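Welcome to this tour. We will go from stop to stop, picking a few residues each time.

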Amino acid sequence: QVQLAESGGGLVQPGGSLRLSCAASGIIIRFSTASWYRQPPGKQRELVAAVSSSGRTNYADSVNGRFTISRDNAENTVYLQMNSLKPEDTAVYYCKADRRESEYWGQGTQVTVSS
């Protein structure tokens, strides 16, 4: 019954910006920990950013200062604002929600930063 739907990915030039959206159903983001992960080509999936139910945020060192995770509780949606994009940001980006001992994943959205 839980569904996470990512959108907003695409092709962007270095230095550009994108905003990813994760629309949730069957789970209330306000009561959950929401995260963005990414998987670059040929590499393992890695944590990019997370926001807790209390609103506390954490970022990977590689994106700190460039990316911002946020929630819209009324829309039950998590966002990832990505600025100053670099070619090494190219990856499939996944939304994840955690509630107690359960975790739920979206299907992913492709972000490509050209060089």
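**Stop one: Ser32.** Select Ser32, which is buried at a relative accessible area of 2% (buried means under 20% relative accessible area, exposed over 50%, and partly exposed in between, with a 1.4 Å probe and protein chains only). Before moving on, please note that this is a predicted model, in which local features need pLDDT of at least 70 and side-chain atom pairs count only at pLDDT 80 or more, while totals for chains, interfaces and linings use all residues. Residues are numbered from 1 along each chain as its sequence is written, and side-chain values use heavy atoms, leaving out hydrogens and water.

Ser32 sits in the loop between β3 and β4 (strands are DSSP runs of E with at least two residues, helices are runs of H or I with at least four, and numbering starts from the N terminus). Its side chain reaches the backbone oxygen of Ile28 at 2.9 Å. Now show what surrounds Ser32: leaving aside neighbours within four places in sequence, it is in contact with Ile27, Val51, Ser52, Ser53, Arg71, Asp98 and Arg99 (contact means heavy atoms within 4.5 Å).

Ser52 is found in the loop between β5 (46–51) and β6 (57–59). Its side chain makes a polar contact with the side chain of Ser54, at 2.9 Å (a polar contact is a pair of N or O atoms within 3.5 Å; within protein, one must be able to donate a hydrogen and the other to accept it, and residues adjacent in sequence count only if both atoms are side-chain atoms). Not counting residues up to four places away in sequence, Ser52 touches Ser32, Thr33 and Arg71.

**Stop three: strand β9.** Select residues 91–99, which make up strand β9. Of its 9 residues, 7 are buried, so this strand is largely enclosed by the rest of the structure. Which strands pair with β9? β4 does, antiparallel and through 7 bridges (two strands pair if DSSP finds at least two bridges between them). In this pairing, Thr33 has Asp98 as its bridge partner. β11 also runs antiparallel to β9, over 3 bridges, with Tyr93 partnered by Thr109. Strand β10 (residues 102–105) is joined to β9 by 4 bridges, again antiparallel, and Arg99 has Ser102 as its bridge partner there. β9 and β10 form a hairpin with 2 residues between them, and Arg100 in the turn has a positive phi of about 55°.

Cys22 lies in strand β3 (residues 18–25) and Cys95 in β9, so the pair ties together parts that are 73 residues apart in sequence. The link is left-handed, with -80° about the S-S bond. Are these cysteines buried or exposed? Cys22 is buried, at a relative accessible area of 0%, and Cys95 counts as buried at 1%.

**Stop five: an open sheet.** Follow β3 to its sheet, where 4 strands are arranged in the order β1-β3-β8-β7 with antiparallel pairing. β1 (3–7) and β7 stand at the edges, each with a single partner strand, so one side of each has no neighbour in the sheet. Within the sheet, β3 and β8 are joined by 6 bridges, and Leu20 has Leu80 as its bridge partner. β7 (residues 67–72) pairs with β8 over 6 bridges too; there, Thr68 stands opposite Gln81. The hairpin of β7 and β8 has 4 residues between the strands, and Asn76 takes a positive phi near 55°. β8 (residues 77–82) has 5 of its 6 residues buried, so it is largely enclosed.

**Last stop: the core.** Select Trp36, Val48, Phe67, Leu80, Met82 and Tyr93, the residues with the most contacts inside the largest nonpolar core, which has 26 residues (a nonpolar core is a set of buried Ala, Val, Leu, Ile, Met, Phe, Trp, Tyr and Cys residues joined through side-chain atoms within 4.5 Å). β3, β4 (33–39), β5, β7, β8, β9 and β11 (109–113) each supply at least two residues of this core. Finish on Leu80, whose contacts beyond four places in sequence include Trp36, Val48, Phe67 and Tyr93.

Conventions. Disulfide = S-S within 2.5 Å.
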